Amino acid sequence: MTDHEHSHTHAPGEEHTHSHDHGPHSPIDPPTDPASQALIDQDFVPVALAVSPDGHNALCAEHKLEKCDSCNVDFINTNRLARLLASNPSLLCPPPNNVVSQQLSQMVQRTKDEGNALFKQGQAVPALARYTQAASYAVQRPPWEANQVMREEVTTVVSNRSAAYFDLGDYISALADAETVISLRRSWPKGHFRKAKALLGMHKTKEAAESVRLGLSFEPQNNELLTFLHDIEKVHEKLEEKKQQKLEGAVPVTASA
Amino acid sequence: MASILVPVAYLIIVFGSLFVFSYYYRKHTSTRVYEPYFPSHPERNAYITLLQQTDPPASDSLLKSALVRRAMADVQRVLRIREDKPALQALLQKGSIGDELWNSLLAAEKELEVEIMEVISEANSFVDGWGQVIFPTANEMIANEKMRAVFEHTAEAKADLEIKYEYKAKHGALPAPPTNAAKTNGLLSPSTPGPNSQPTSDAEGPGTPKSAKSKRRK
């Protein structure tokens, strides 16, 4: 097939020629219903935007910002994808999702392993730095790839980071990371385990037990969770005893006063 | 006596008027415009506006990106309509809502089909065969963006959690609170015992831990 201009008619009454090379026509060219097409065209409201000089970024017309609340536009993601496509000229369009960039996976894996090694040696703080770096790599994955890969990578790294925070005694950060893991991958028992550990660190035995039970509902035979539930119950009993002792200890003081 | 003409004329008048009425009625209903179900389509508007830009013209990668975002918005609409349809149908059968909303939904559904066809043909105009791939790509991108948002929200969630668990600790009758507050209030400072320090530590709560943690990260 020879090259030809391909014109898009889009705004009511306006012609716009968008020319580029064309191979053979795609076999499926669905017939468009002119009445509905007219409805779509009627619905069109031009957006006040401007294009950056290099042509790759869309900005709001007034303030030349990517994300502008007063103009009610948010082009951050659009521009990010555009820049990604522009920087890889061999990539004509976002490819189908089965193409996974191995290099990124390797980087994430390597950094995570470094973090694991440091963690095992007991150096939780540098391990933390490694984990954060691995997480930032994992999040840089091109968005058109199968999301399962990114999900697994990010959750494993963040779960390890939660363990590092726990070892440092920073239970709130550990809890925040565990919550992230759970919201990304609910059926993974490890996420619930991390959350329970963090809660137990803060002596919140009831919530910890709930968390473990939720994790067990996804994998009833998980030994780690079962033993941990046992530990929680023991800690709970100890705390109750301490409470009782404090109460009993307090009574004679107030009675004499 | 009456000729055969009278009953024939009668029949012609009756059926003729029925046909005329149905013709005008059908024309009337087909052109009736329903309330739009979705308020507007900002991504579509952005895409078309970008197509029209001439000074400077939007690059191909920007146009492709805008098209993908349009596809993503369409996917979200499809999901929304799929959710709303049975619910609306149930309400309609019960009689809680009128026909208007249902007709709006159906019209929106049809418009969405046309819109999807249009996106596919636009995608094919950029790269052959892209039309088949663009919607799965859009699905993946939506999932990806959700994951990124959750991940980036972790840092903000920390402040909320601090407030939540500190408050909880303070309101509880457990003697644990001082140690809890100390642990979350920046591990660089020693534990602050005593009820006097609690009000001040509460105010500093969201502040100091963040700085302490960022120091550790760096």
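**Rings and pockets, up close**

Visitor: Why is Tyr25(B) called partly exposed?

Guide: Its relative accessible area is 47%. The label covers values between 20% and 50%, so Tyr25(B) is partly exposed. Keep in mind that this is a predicted model.

Visitor: And what makes Phe21(B) count as exposed?

Guide: Phe21(B) comes in at 55%, and exposed means over 50%, so that settles it.

Visitor: How many aromatic pairs are there over all chains?

Guide: The count comes to six. Phe21(B) and Tyr25(B) form a pair whose ring centres are 5.9 Å apart, with 20° between the planes.

Visitor: Why is that pair called stacked?

Guide: Centres have to lie within 6.5 Å, and planes under 30 degrees apart count as stacked. With 5.9 Å and 20°, Phe21(B) and Tyr25(B) pass both tests, so they're stacked. They also sit four residues apart in helix α1 of chain B, about one helical turn.

Visitor: What makes Phe126(B) and Trp130(B) an edge-to-face pair?

Guide: Their planes are 80° apart and their centres 6.3 Å apart.

Visitor: How much space lies in the largest pocket?

Guide: About 840 Å³. It's lined by 33 residues, and among the closest to its centre are Leu39(A) and Tyr34(B).

Visitor: Which helix gives the most to that lining?

Guide: That's α4(B), with eleven residues. By class, the lining of the largest pocket has 14 nonpolar, eight polar and eleven charged residues.

Technical notes:
Residues numbered from 1 in each chain as written. Chains lettered and ligands numbered in written order. Predicted model: local features only at pLDDT ≥ 70, side-chain atom pairs only at ≥ 80, totals over all residues. Heavy atoms only, no water. Phe/Tyr/Trp six-rings, centres within 6.5 Å; stacked < 30°, edge-to-face > 60°. Helix = DSSP H or I, 4+ residues; strand = E, 2+ residues; numbered from the N terminus. Buried < 20%, exposed > 50% of the residue type's maximum accessible area, 1.4 Å probe, protein only. 1 Å grid on protein atoms, 1.4 Å probe; cavity = no way out; pocket = protein on both sides within 12 Å on 5 of 7 lines; lining within 4 Å. Points joined across faces, edges and corners; volume = space filled by probe spheres on them. Nonpolar A, V, L, I, M, F, W, Y, C, P; charged D, E, K, R; others polar.
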